[in-house]
Amino acid sequence: MNLLLLIGAPLLTAVAVLLSRNKAQVKWISLVGSVAQLALAFALLYAFRQERAQNNMSQMLFELNYKLFDSLNINFHFGVDGISVAMILLTSFVVIAGVLVSWNIEKMTKEFYFLLILLALGAYGFFISLDLFILFFFLEISVIPKYLLIGIWGSGKKEYSANKLALMLMGGSALILVGMLGLYFTAGHSFDIMTLSKTSIPANIQNLLFPLLFVGFGVFTALFPLHTWVPDGHSSAPTAGSMFLAGISMKLGGYGCLRIATYLLPEGAKEYANIIIILSAIAILYGAFATMMQKDLKYINAYSSVSHVGFSLLGIGMLTQTAITGALMQMVSHGLMTALFFAVIGMIYDRTHTRMTNEMGGLMKVMPFITTVFFIVGLCSLGLPGLSGFVAEMTVFMGSWENSDAFHRIATIAAAMSIVVTAVYILRAIGQTAMGPITNTSHLQLKDAAWNEKLAAIILVAGIIAIGIAPGWLNDLLRPAAEEIMNRIAGK
Amino acid sequence: MPNATTIALIPLLPLAGFLLLGLFGRKYLKSSSGLIGTALLLTSTILALYTAYEYFFVYGKVNGAYQQFIPLQLTWLEFSKGVSIDMGLLLDPISVMMLVVVSFISLMVHIYSLGYMKGEERFATYYSFLGLFTFSMLGLVLASNIFQIYIFWELVGVSSFLLIGYYYDKPSAVAASKKAFIVTRFADLGFLIGILILSFSSGTLDFTTLIQRLTSPESNEVKTAVVSTFLGASALTWGAALVFIGGAGKSAMFPLHIWLPDAMEGPTPVSALIHAATMVVAGVYLVARLFPVFALTTPAVLEIIGWVGAISAIIAAVIACTQTDIKRILAYSTMSQIGYMMFALGVSKYGGEAGLGYTASMFHLFTHAMFKALLFLGAGAVIHYIHSNDMRDMGGLRKYLPVTHITFLIACLAIAGVPPFAGFFSKEEILLAAYQNNMAIYWIALITSGLTAFYMFRLYFNIFWSKPHEVHGEKHGEGGFVMMLPLVLLAVGAAAAGFIPFGEFVSSDGKALVSHFHLEFSIAPVGLGLAGIFAALWLYKKQNDKPQKLAAALGGLYNAAYHKFYIDEIYFFITKKVLFNLIGRPAAWFDRNIVDGMVNLTGNTTQAVSEGIKKIQSGKVQQYAIYFLAGVIVLATLFIYVLR
């Protein structure tokens, strides 16, 4: 399969959106484009599995390599392994759902959809890039739309949030850039991930570069204590913006932390692993406790994201194959789950015009579909078996437990304690909004989900259940890739 | 080897019911959803009975012991070689016994609900949740892998949550459902960490292999695990104790029992199924499942299990004597009876005659399922008739609810341990096991059995005798055939189940255990039971002021028991004051003000600095010339004098 299709499809959609004449055209073109992306992602999954089934065990499949700046040794080098395939699949799910829930955007529809698709383009490009320079380029492509999406279509103190988000992410990008250049010069003028992964870099340089890259990407994925753009960013962003931010954008960071910082700089990873573990264990518990006190649904999900993403980082810090597999599963699971969570919050907000849990109640009576989805996503968040969150968290726990010293054990137990706190805040949120008597009588007139909202929710729920009921396929995708990373860490 | 498809269908049919009714019930199936659910469950029950017949009588014993079959095992999620979560079907005497109990009680509840829940707006949803619960519970029972049991463990938890909160617009039901989920989740945290420890020690998640590796003291796994200690106990002891915490939470053992009385907010048939007969005994089942590990490798934990069971049994019985909500009385009674099952396991040993406690525990689980489900369904009929849960609103109902009255009486006699009803036989064995191994627990159990008879007949007399019933307006009758049939069938079970030679089928090592009946031994418990009944008769047969006087005479003790020993208040203090106010609130504040404050500070500082230095770029050429000159002087000085 030609990987350029994955960039070509969103690019074509974006151009078509720009050329379209009216809102209806914009929407349908975007939808067709996102369906095409979904189809491509499935085709990629299929092709990937076919190759693997035929015993093609090269680390990267479908590689493409075109020279771009020969003098600087910058190339268009693309290729995918199981991790990339999983992330691309996740992205395509979130994109189509995001396009569907934005169906009723009235303000500057064309520009809105254009930016959404541009963001998706950045993500697809990022996940298939094997050249750091190109990868960085795609990362930056995905930052700018976020600023505009929040600044223009946002709500509340949107300028402040947009600035904060863009500046923090730019700050992270700056660190990444420095780290990248460091890699480039130490490894004999190469940005190529595959080349770098075979180069041995002196430990002292690794220790210098690792924090730059890990923290840089960490900002994107809400590494504690650099997560504060998350609550503000989400609370101000429009629904699809939040979905893309949490479902796609935060995953760019997690992917980078693993694929670039940890994979390319294994000695640095070992040096700083304990700090990562401490920070992520704090994030998991502290995020959960902070969530418990929130009343705004978007803040609830933003803080719970900080907590959930902590599991990804914890898994990376644990440096075992199973834990890393779990970390990746958590990225996919969290991406689907939070996107769905924000979609549901958006649907509720559109109807009740409030996001405060104490101003709602008994919504189950008037919107059974939306509240059922709310239940499902809440249960996924608190780790109910049969839904994706459980699989990911348990894999992280099992992998973490393989480290048998007291430090790792305590960190794992601390992280595991969050399953109780999560249950508290999720049931609290659901109990206050969906259950109980209807407190506001004007809510009695509210309508349940429209077709586009139903479709968006069903697509994401299907993803969550597909992982939750039969996690084998995702495991098969991620585990061998995690093994490659572990091989480099173990020095094989 | 039994047929995998037949057995797999037992849990899968209720699952099909859940999906079918959950997706289409509300819109398309409506009132027929009850019949669909019941038909599916009837099939399940028939298959379960067939499986039991086949297991016990066709395959039978090999070398004097029942075999263990695993007709199906699929890898669900592989962590590393040999460590994977499998979805399997495990057949051994206890799982087969539980299959029958769960499917049969669930079927009774399905049938009963056809009448009890008739006309409910969310009738289809109710049946779909029942299907989900039955599926999860059957999956739990059949689990062949410790992680599989945990998965279904969580699923029964969520079904329980959904059904307790069935009347979702009632704030008390919402609160109760949350409480049940969160308290058991807290216990499950222990279970989870216990699984991690045990699986790490044994290098497997598979029950059979795990038990095998952890019970042979020579195995490498045990040797290494015993060496690594934490706070004076070996890793295995911690693991087993933590697993038991999970079981204690689900089985409402003291001090994790607080969710069970509140769970009575759910519809009464649900209480009969989930919170009396099946889900709450999952903890007992878990201990029984891992019994060889507890008994052979970590006897200290088994001792703790015994004491937790005994304390729960007596505390719950004391509280039950003072309550007035009939469902709550039954809830405390359930907790007390599960306490019996727990300590029976706690005083048991592995293998042979010494394993009497194990057999007795499973026997009591079996008989208890019959009579407790019957009590709840009977209570449901009463509540259905009188529209109140409060004992003080009842009295003299024996003429109006004759079938309910007789069946309820049978259940009361069974739970009180009056021969020849079912409870007599199982309780007898439990007491004998305690007598042989732990006298202190035996005495606690003996006193509890007197209390049990007392509070059950206090309930019985208050509902059916006491003051005469005044008929207000038009009252419907007993609820028709669908509600009476389960009562009668369960009453037959409660009366006759004791005659099953249980030791023949279920024992700690699979070999037949012949229980000897000691007449002289049964005098004390039966005598105490009868004393309890007569005390209740004397106090409550006719309305009088003796109970009030007695309560006043008991003073503090009565008050403490009436307020459930203030355990709820202690929990409330811990969660509200400590978790929310001392941890949650500061965490949220810290994040917004300190962590985010730092970020904003960075931003503001940058802005302030740039505000300051922007004056440098004034655009005035003269100023630039001065800067330039100053620079030249500084650099010249540096190069000439410092960096020579």
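B:Pro420 sits in the loop that links helix H17 (402-416) to helix H18 (422-437) of chain B. The peptide bond between B:Pro419 and B:Pro420 is cis, with omega at about 5 degrees. The model described here is predicted.

- Most peptide bonds are trans, and most residues other than glycine have a negative phi.
- Chain A also has a cis peptide bond, between A:Phe224 and A:Pro225, where omega is about 0 degrees.
- A:Pro225 belongs to the loop between H8 and helix H9 (229-236) of chain A.
- A:Ala222 is in the loop between H8 and H9 of chain A, and its phi is positive, near 60 degrees, although the residue is not glycine.
- A:Ala222 counts as buried because 30 C-beta neighbours lie inside 10 Å.
- A:His353, again not a glycine, has a positive phi of about 55 degrees.
- The place of A:His353 is the loop between helix H13 (321-352) and H14 of chain A.
- A:His353 has 9 other C-beta atoms within 10 Å, so this residue is exposed.

**Chain A as a whole**

- Chain A contains 19 helices and 2 strands.
- Its radius of gyration is 21 Å, close to the 23 Å given by the globule rule for 492 residues, so chain A is as compact as a globular protein of that length.
- The C-alpha trace of chain A spans about 70 × 60 × 45 Å along its principal axes.
- Of the 492 residues in chain A, 63% are buried.
- Among contacts in chain A with a separation of 6 or more, 80% are between residues 24 or more positions apart.

**Chain B as a whole**

- Chain B contains 26 helices and 6 strands.
- Its C-alpha trace spans about 115 × 65 × 60 Å along the principal axes.
- Buried residues make up 56% of the 644 residues of chain B.
- In chain B, too, residues 24 or more positions apart account for 80% of the contacts with a separation of 6 or more.

**The interface between the chains**

- The interface brings 37 residues of chain A into contact with 35 residues of chain B.
- On the chain A side, at least two residues each come from helix H11 (266-292), helix H14 (363-366), helix H16 (388-401), helix H17 (406-433) and helix H19 (472-489).
- H17(A) contributes the most to this side, with 9 residues.
- The side of chain A that touches chain B is made of 26 nonpolar, 10 polar and 1 charged residues.

**Helix packing in chain A: H6 and H8**

- Helix H6 (residues 158-186) and helix H8 (residues 203-220) of chain A pack at an angle of about 150 degrees, and their axes are 7 Å apart.
- Angles over 145 degrees count as roughly antiparallel, and H6(A) and H8(A) are therefore roughly antiparallel to each other.
- The crossing of H6(A) and H8(A) is left-handed.
- Residues of H6(A) in this contact include A:Gly171, A:Gly172, A:Leu175, A:Gly179 and A:Gly182, while those of H8(A) include A:Leu209, A:Leu212, A:Gly216 and A:Phe220.
- By class, the residues of this contact are 14 nonpolar, 7 polar and no charged.

**Helix packing in chain A: H1 and H4**

- Helix H1 (residues 4-19) and helix H4 (residues 109-128) of chain A cross at roughly 165 degrees, with axes that come within 9 Å.
- This angle makes H1(A) roughly antiparallel to H4(A).
- H1(A) and H4(A) also have a left-handed crossing.
- Among the residues in contact are A:Leu6, A:Pro10, A:Ala14 and A:Val17 of H1(A), and A:Lys110, A:Phe114, A:Ile117, A:Leu121 and A:Tyr124 of H4(A).
- The contact of H1(A) with H4(A) has 15 nonpolar, 2 polar and 1 charged residues.

**Two buried residues**

- A:Val95 is part of helix H3 (residues 82-101) of chain A.
- A:Val95 counts as buried because it has 32 C-beta neighbours inside 10 Å.
- Leaving aside residues up to four places away in sequence, A:Val95 touches A:Ser34, A:Gln37 and A:Ala120.
- A:Val95 and A:Ile248 are 153 residues apart in sequence, with 8.7 Å between their C-alpha atoms.
- B:Lys349 lies in the loop between helix H15 (326-346) and helix H16 (356-386) of chain B.
- B:Lys349 is buried, as 20 other C-beta atoms lie within 10 Å.
- Leaving aside residues up to four places away in sequence, B:Lys349 touches B:Ala295, B:Ala354 and B:Gly355.
- B:Lys349 and B:Ser508 are 159 residues apart along the chain, and their C-alpha atoms are separated by 8.2 Å.

Notes: Residues numbered from 1 in each chain as written. Chains lettered and ligands numbered in written order. Predicted model: local features only at pLDDT ≥ 70, side-chain atom pairs only at ≥ 80, totals over all residues. Contact = placed C-beta atoms within 7 Å. Helix = DSSP H or I, 4+ residues; strand = E, 2+ residues; numbered from the N terminus. Nonpolar A, V, L, I, M, F, W, Y, C, P; charged D, E, K, R; others polar. Axes fitted to C-alpha atoms, helices over the stretch in contact; angles between N-to-C directions. Parallel < 35°, antiparallel > 145°, perpendicular 65-115°, else oblique. Left-handed = near helix turned anticlockwise from the far one by under 90°. Rg over C-alpha atoms; globule rule 2.2 N^0.38 Å. Buried ≥ 20, exposed ≤ 12 C-beta atoms within 10 Å, placed from the backbone.
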